[in-house]
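Below are my notes on the model, as numbered points. Please read them alongside the sequence and coordinates.

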Amino acid sequence: MPELRFDPLRKEWVAYATERNDRTFLPTDFCPLCPSGHGGASEVPLDTFEVVVFENRFPAFGPDRHDGRPVRPATTGCEVVVYTPEHELTLARLPLERVRLLVDVWADRYRELGSRREVGYVYIFENKGEEVGVTLHHPHGQIYAMPFIPPFAKAELDASREHLDRSGECLHCAEIAAEASGPRVVLSDSSTLAFVPRSARWPYEVHLYPRRHVASIADLDEAERWDLAQALLGVTGAYDRQFGFSTPYVMAVHQAPTDDGEWPQAHLHFEFYPPHRRGDRLKYLAGVELGAGTFVNDTRPEDTAAQLRDAAALQPSNRP
Amino acid sequence: MPRPKKLSRKEIALPDGRYLIAYGHMATEDA
């Protein structure tokens, strides 16, 4: 059963979930995420659906059943978000209306999970493709309701807080202003901006922001939700066109923690990390990245941004 | 401006006690 251990050298939590080692792995004759009808054997015993969320059968964080153990209890939970009943689709190929619904679902889960006393951070993400370790191909994402603020989000929040205290300005807003008309833009509209960050770790890394300073996905207004849905299709579609195949990636959503703190420096954004450095080569994390914590990038962000910008320009707009 | 969307949700209990929530958008009338 899940537990957390704190590493005093790295000052970070490590999650242990031994049951996950036996979780369903790339099944070929049965999809646990396809609708199976009332009483069916899949995780979704419905005739059909639009978007469903359910508790992960194999959570990395779960109920605390370790009373008295010297570990921080993993008292929170993990959810699976199934984007569509259609097994062969991907986020990039969903209808705009479905992505718009997904934005609302993420906002609802952020509010609900974040309202739980023990949840410090609602981490929404998607692993797509076997290259990043996905075990089920059916289009889906995940949500970890974490009892602490994870290190990457914490580092961003700390940096943005320092900048805010020093200048009175959100660091993310400053980045948006700096990138908005620069050479690393991938796509842009009235309320969203996507760009390859100046110091991207991954060759085709993209950060997607709402231009307005909003702390969480729940704070987006109606027009911004449509724009975000369109931009999500734009970024993921650009990847597919750039590489000529359904591109694997990790999509990470960074937003305000849900503990009792004040987070004026938090600015919602999506980060995409595709593992490819070119169509036929993967970027691996190896000695320098894993052992020293320093990324070596074989491409210039300005060059990969130009490629993705050209690919994004071919994205049809199908807004109602 | 697109019409506002209203989220619908239906929660059911799975046989092993976990929850499942089916989400959709309610039909809205043209303004």
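1. In this predicted model, the contact between the two chains involves 27 residues of chain A and 19 residues of chain B, where contact means heavy atoms within 4.5 Å. About 1900 Å² is buried between chain B and chain A, with 56% of it on carbon and sulfur atoms; buried area is the accessible area (1.4 Å probe) that two parts lose on being put together, summed over both.

2. Between chain B and chain A there are four salt bridges, a salt bridge being a side-chain nitrogen of Lys or Arg within 4 Å of a carboxyl oxygen of Asp or Glu. Over all chains the count by this rule is 25. B:Arg9 pairs with A:Glu112, with 2.7 Å between the closest N and O atoms. This pair crosses between chains, from strand β1 of chain B to helix α1 (residues 96-114) of chain A. A:Arg57 and B:Asp16 also form a salt bridge, their closest N and O atoms lying 3.9 Å apart.

3. Twelve residue pairs are in polar contact across the interface of chain B and chain A, both residues at pLDDT 80 or more. A polar contact is a pair of N or O atoms within 3.5 Å; within protein, one must be able to donate a hydrogen and the other to accept it, and residues adjacent in sequence count only if both atoms are side-chain atoms.

4. On the side of chain B that touches chain A, the elements giving two or more residues are β1 (7-13) and β2 (19-25) of chain B. β2(B) gives the most, with seven residues. By class, this side has eleven nonpolar, three polar and five charged residues. Helices (H or I, at least four residues) and strands (E, at least two) are DSSP runs, numbered from the N terminus.

5. Strand β3 (residues 51-55) of chain A runs antiparallel to β2(B), joined by four bridges; two strands pair if DSSP finds at least two bridges between them. A:Val52 stands opposite B:Ala22 in β2(B). Within chain B, seven bridges join β1(B) and β2(B), also antiparallel, and B:Ala13 has B:Tyr19 in β2(B) as its bridge partner. The hairpin of these two strands has five residues between them, and B:Gly17 takes a positive phi near 100° there.

6. On confidence, the model scores ipTM 0.89 and pTM 0.92. Chain B has a mean pLDDT of 82, with 74% of its residues at 70 or more.

7. Conventions: residues are numbered from 1 along each chain as its sequence is written, chains are lettered from A and ligands numbered from 1 in the order in which they are written, and side-chain values use heavy atoms, with hydrogens and water left out. Local features need pLDDT of at least 70 and side-chain atom pairs count only at pLDDT 80 or more, whereas totals for chains, interfaces and linings use all residues.

Note on methods: Ala, Val, Leu, Ile, Met, Phe, Trp, Tyr, Cys and Pro count as nonpolar, Asp, Glu, Lys and Arg as charged, and the others, Gly among them, as polar. pLDDT is the predictor's confidence in each residue, from 0 to 100.
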